[in-house]
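Dear colleague,

Please find below the structure for your review. My notes on helix packing and salt bridges follow it.

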Amino acid sequence: MNRYICIHGHFYQPPRENPWLEAIELQDATSPYHDWNERITAECYATNATSRILNEQDRIARIVNNYAKISFNFGPTLLAWMEEKAPDIYTAILEADKESRVNFSGHGSAMAQVYNHLIMPLANSRDKRTQVSWGIKDFEHRFGRKPEGMWLSETAVDVETLDILAQCDIRFTILSPHQAQRVRRIGAEQWDDVRDGTVDPKMPYLCRLPSEKTIVLFFYDGSISHDVAFGNLLKSGDRFAERLLNAFSENVETPQLTHIASDGETYGHHHRFGEMALSYALHFIESRNTARLTNYGEYLEKNPPTYEVELAENTSWSCAHGVERWRSDCGCRIGKHPEWHQAWRAPLREALDWLRDSFVKMYEGKARSYLKEPWEARDDYIKVVLNRSRENLDTFLKEHCQRTLSEAEKTEVLKLFELQRCAMLMYTSCGWFFDELSGIETVQIMQYAGRAIQLAQEIFGHDSEPQFLDLLSRAKSNIPVLENGRIIYQKYVKPATLDLEQVCAHHSISSLFREHPEKTSVYCYTIEREDSKQLEAGKTKLIVERSKVTSEMTLESSTFCSAALHMGDHNLSCGVREFRGARLHQTLVRELSNVFDQADYPKTLRLMDKHFGTATYSLKSLFRDEQREILNRILKTTLEEADGAYRQLYEYHAPLMRFLKDSGVPPPKALSIASEVVLNNSLRIAFETEDLDPERVQMLLKEVHSEGIQLDAESLEYTLRSTAEQLAEDLRRNPREIPMLQKLHTVITLLPSLPFRLNLWNVQNRCYDILQDIYPEMKAESQQGDKAAEKWLSLFSELCEKLSLRVDE
């Protein structure tokens with residue numbers, strides 16, 4: 001067969017971690033999810049790992065892993081997050097690459113990606129090499145093989161980048177059709193101009209490079225790719241498949257490749273159920289046998305290039321002006337404010353370029369006193385990023401250092417590498433992609449710059465921040481109150497900056513509300529409690545501690561004394577200072593204890609001021625997730641009191657509310673609010689229990705309907721979904737347990753009466769696994785007369801019916 005189809009998905013999220021915590025903090029805009037990564041994983045990455053193929057009755061006939069049948073790349077920083085936060089999906093992606101090697105003649109479908117998605121033509125040569133090196137090593141670490149291809153951020157490309165890829169044994173990359181300048185048959189003299197995007201996408205092209213190496217370029221079908229990403233092609237899997245099949249030229253005997261490329265998030269996040277259109281299209285193509293699914297590595301092995309190409313340099317797939325989107329106000333933008341300018345892009349890049357370049361000589365000078373070759377060591381530092389164990393770090397240092405280092409010297413070397421890592425992360429492309437300087441993506445790269453500045457000051461004693469802010473002030477915001485980059489940096493970056501003392505303060509305040517082991521982790525820090533005294537009197541609590549705080553990133557450590565006083569609700573105070581010896585610490589403990597025992601809390605606060613001076617902290621000093629958790633705990637009693645008051649008001653006036661509705665009279669706002677609060681809270685409580693009472697729920701829903709109450713559908717759906725998913729997971733672990741099956745059956749039976757649609761994706765996945773693995777066994781036992789198996793079979797079959805799962809008789 002000479003007709004081949006390849007679909008490529010570029011799956012990527014920018015690094016969102018707080019640079020001082022190495023973790024993504026709570027992002028309220030994504031509620032009920034924790035953050036954007038979690039939300040997009042639920043909507044896209046997870047759904048593509050467990051996509052549905054429906055039969056003629058719209059029942060789930062198969063659940064498939066799309067990644068095994070397409071070409072794909074995942075951003076390394078996204079995979080690092082997924083490995084910890086979504087391990088099942090992470091494993092499914094790795095397994096899909098293994099399966100694709102079976103499907104495609106030994107060629108895996110996963111491609112590598114330049115490490116943190118910076119725009120390669122705008123990077124200096126040294127950063128280009130590190131980005132490629134880190135991307136390759138990260139890929140090898142995760143997928144257990146060498147990558148054949150590498151995805152370039154925004155497909156932004158120049159000849160130097162291609163040459164570096166080729167020197168690193170990358171065989172191919174994927175570009176858009178307008179990134180080809182001219183083509184010719186290999187061996188011919190005449191070139192054909194294709195700058196208007198008319199390059200034939202159905203073949204690979206050889207690109208000759210200045211180093212005398214070569215690389216293969218695949219130019220995707222621009223029209224189909226556009227309609228997948230921005231049109232309605234994913235509304236129908238049949239139509240999607242037919243569009244791909246119709247792209248082949250008729251009466252052509254030579255091999256043809258129809259291939260497309262788009263953001264992977266197209267399939268599920270940007271287009272809901274897009275992953276199902278993809279899986280059905282793949283199924284349609286395979287079942288019709290009119291074309292063969294392939295990936296780029298397999299196609300290249302079977303069909304080496306017969307044409308060569310010259311590159312249109314400094315171009316990309318998402319900017320009609322080349323790569324101007326990431327350095328000028330070119331007009332390419334995304335956002336809801338067409339009147340806004342993007343003139344801030346140029347001064348932002350100029351400020352970051354100045355900052356990066358100012359670090360180079362300082363880095364080289366300091367690093368050469370420790371390292372054999374500073375830049376080669378930086379290229380290899382990804383090994384430490386991937387595995388921060390002391391054993392692995394010592395192996396790395398032994399390989400790259402001129403001599404054995406002291407602990408203090410190790411810390412300084414690690415700070416040098418972390419400075420360089422942040423100096424690359426601050427170029428992540430999303431910082432320029434959107435329409436406003438104060439957007440979360442741009443603030444994120446400013447935070448990386450802020451962390452690099454802090455590290456440089458600690459290592460070199462040089463404060464780069466004043467000049468950096470002078471340059472940043474030239475970047476003007478579209479929002480008058482924010483003015484410019486300096487104001488935005490001071491408002492959003494400076495408050496995020498922290499040191500070991502602030503980590504100790506967080507731990508001390510947190511200890512007022514929860515018990516911690518003697519050694520615990522707080523994000524990327526380790527806290528070792530060396531001494532502690534706790535005193536309580538009613539709602540008031542005092543903790544005085546001595547703790548050692550160590551950064552897992554740089555091994556920097558320090559010991560602190562701290563005292564935290566909680567006087568109920570949000571009223572608390574904490575003081576921290578460096579440990580100055582056992583005698584002074586014991587004096588601190590004794591004096592605070594004596595005053596606290598006398599219930600003289602104002603004097604306790606004054607004494608804390610005496611010992612800690614200005615180094616005092618409050619509830620606002622907690623990191624966002626812990627702060628929200630503690631505030632919720634503090635608010636719980638208040639909310640319970642409010643709910644009781646509303647409930648009393650509602651129950652007393654419920655008959656009047658129903659009378660007003662029946663009479664067509666709008667109820668007073670105060671009574672409407674009481675009804676809304678009580679009924680929403682009552683349903684939430686009912687949905688949280690695994691022993692769900694359907695009669696109670698039906699009664700509440702009837703009251704909601706009769707009184708015309710507005711439900712918080714999003715919150716209630718998430719609560720009930722969480723309960724159903726936990727029940728399904730419990731059933732998967734103990735699939736023969738009839739009581740567990742009955743509990744889940746009760747929840748699912750309730751669905752038709754709900755005024756909102758429940759997301760059953762994970763429940764269906766768990767039950768599909770049971771259908772494949774356990775159902776045949778139970779059916780066989782039932783046929784042999786086992787009554788328990790017979791009951792199980794009846795219940796489970798009903799459950800599958802309600803979940804739209806096809807059960808083969």
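Lys-366 has a relative accessible area of 26% and is therefore partly exposed, since that class lies between 20% and 50%. Please bear in mind that this is a predicted model. The side chain of Lys-366 forms a salt bridge with Glu-412, with 3.9 Å between the closest N and O atoms. Because Lys-366 belongs to helix α10 and Glu-412 to helix α14 (residues 407–425), this pair ties together parts that are 46 residues apart in sequence.

Helix α10 (residues 345–367) also packs against helix α17 (residues 465–472), at an angle of about 160° and with the axes 8 Å apart. The two helices are therefore roughly antiparallel, as the angle is over 145°. Their crossing is right-handed. On the α10 side, the residues that meet α17 are Pro-347, Leu-348, Ala-351, Leu-352, Trp-354 and Leu-355; on the α17 side they are Gln-467, Phe-468, Leu-471 and Leu-472. By class, this contact comprises nine nonpolar residues, one polar residue and no charged residues.

The crossing of α23 and α24 is left-handed. Helix α23 contributes Ser-675, Leu-679, Ser-682, Leu-683, Ala-686 and Phe-687 to the contact, while α24 contributes Arg-696, Val-697, Leu-700, Leu-701, Glu-703, Val-704 and Glu-707. Here the classes are eight nonpolar, two polar and three charged residues.

Returning to salt bridges, the structure holds 56 of them. Two further examples involve helix α3 (residues 87–103). In one, Lys-98 and Glu-95 meet through their side chains at 3.5 Å, N to O. Both residues lie in α3, three residues apart, which is about one turn of the helix. Lys-98 counts as partly exposed because its relative accessibility is 45%, and Glu-95 counts as partly exposed at 40%.

In the other, Asp-97 pairs with Arg-145, the closest N and O atoms being 2.8 Å apart. Asp-97 lies in α3 and Arg-145 in the loop between α4 (125–143) and β6 (150–151), so this bridge ties together parts that are 48 residues apart in sequence. Asp-97 and Arg-145 are both buried.

Finally, Glu-22, Arg-388, Glu-418 and Arg-421 are linked in a network of salt bridges.

With kind regards

Terms used:
Residues are numbered from 1 along each chain as its sequence is written. This is a predicted model: local features need pLDDT of at least 70, side-chain atom pairs count only at pLDDT 80 or more; totals for chains, interfaces and linings use all residues. Side-chain values use heavy atoms; hydrogens and water are left out. A crossing is left-handed if the near helix is turned anticlockwise from the far one by less than a right angle, and right-handed if clockwise. Helices (H or I, at least four residues) and strands (E, at least two) are DSSP runs, numbered from the N terminus. Contact means heavy atoms within 4.5 Å. Ala, Val, Leu, Ile, Met, Phe, Trp, Tyr, Cys and Pro count as nonpolar, Asp, Glu, Lys and Arg as charged, and the others, Gly among them, as polar. Axes are lines fitted to C-alpha atoms, for helices over the stretch in contact, and angles run from 0 to 180 degrees between N-to-C directions. Angles under 35 degrees count as roughly parallel, over 145 as roughly antiparallel, 65 to 115 as roughly perpendicular and the rest as oblique. A salt bridge is a side-chain nitrogen of Lys or Arg within 4 Å of a carboxyl oxygen of Asp or Glu. Buried means under 20% relative accessible area, exposed over 50%, partly exposed in between (1.4 Å probe, protein chains only).
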